[in-house]
Amino acid sequence: MKKILITGASEGIGLELAKLFAGKGDQVTLVARNKDKLEKAVRALPGAGNNSLIADLSKKEDVHVIAGNISSNHYDVLINNAGVGMYGRFDEMPYHEQVTMMNLNMVSLTVLSHAFIKQARRGDSLVNIASTLGTTSFPGAAVYAATKAYVTNFSESLWWENKKKGIYVLGFSPGVTATSFHKTSGGSDELFPKAITQTPQQVAA
């Protein structure tokens, strides 16, 4: 049995990952900001011993609470899945909202990765969820694409630094996924052809 912490796990890809791991007998800790969604998600998981931590990872104080939890409780796997997007022209969107997105997508991921790597043992795994947009530009979501480029580059470097220690680091870059992400980000599910769209279950698998 492995102990696994997943951020952004109350729905979408994070929740589907939690279901897969819990179904294999692993103990999963879900992190998200919505208490009701979290409690519902934990109840839906198979097995026992699964739990949740409420945190808004766009806020520094909440990030440090989760980092402290990681430092004091050994996890075999950390999956940094929490993230948000914003669709629109860079100059037409409030800069403070874009900075909040940067804090969530990059800063919190970096802080939690540091806490995990510092206490990681041989065989442990760090998984950072990036995006195919991390390898290209995307006018209309400029800052979001840039944050995912950071995650991609950062994860590749961590992989190299830790491979001889037996600590595995993966930067996972899913493509278009049918979740609430696009609507929440100010876009639409119709932005992309259905032929290239995956379900969150497919991405998690």
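**A helix pair and a pocket**

Hi everyone, let's start with two helices: the axes of α3, residues 60-72, and α4, residues 95-119, come within 9 Å and cross at roughly 15°. Angles under 35 degrees count as roughly parallel, so α3 is roughly parallel to α4. Please keep in mind that this is a predicted model.

As for handedness, the crossing of α3 past α4 is right-handed. Which residues make the contact? On the α3 side you'll find V63, H64, I66, A67, I70 and S71. Facing them from α4 are S108, V111, L112, A115, F116 and Q119. Sorted by class, this contact of α3 with α4 has 8 nonpolar and 4 polar residues, with no charged ones.

Now please turn the model to the second largest pocket, which holds about 230 Å³ of space. Its lining is made up of 13 residues. If you want to find the middle, look for L17, F21, I79, V127 and A204, the lining residues that lie nearest the centre of the pocket.

Where does this lining come from? Five elements each supply at least two residues: the helices α1 (12-23) and α7 (200-204), and the strands β4 (77-80), β5 (125-129) and β6 (168-172). Which of them gives the most? That is α1, with 3 residues in the lining of the second largest pocket.

Definitions and conventions
Residues are numbered from 1 along each chain as its sequence is written. This is a predicted model: local features need pLDDT of at least 70, side-chain atom pairs count only at pLDDT 80 or more; totals for chains, interfaces and linings use all residues. Side-chain values use heavy atoms; hydrogens and water are left out. Axes are lines fitted to C-alpha atoms, for helices over the stretch in contact, and angles run from 0 to 180 degrees between N-to-C directions. Helices (H or I, at least four residues) and strands (E, at least two) are DSSP runs, numbered from the N terminus. Angles under 35 degrees count as roughly parallel, over 145 as roughly antiparallel, 65 to 115 as roughly perpendicular and the rest as oblique. A crossing is left-handed if the near helix is turned anticlockwise from the far one by less than a right angle, and right-handed if clockwise. Contact means heavy atoms within 4.5 Å. Ala, Val, Leu, Ile, Met, Phe, Trp, Tyr, Cys and Pro count as nonpolar, Asp, Glu, Lys and Arg as charged, and the others, Gly among them, as polar. On a 1 Å grid over the protein atoms alone, a cavity is a set of points where a 1.4 Å probe fits but cannot get out, and a pocket is an open set with protein on both sides within 12 Å along at least five of seven lines; lining residues have an atom within 4 Å of a point. Grid points are joined across faces, edges and corners, and a volume is the space filled by probe spheres set on the points.
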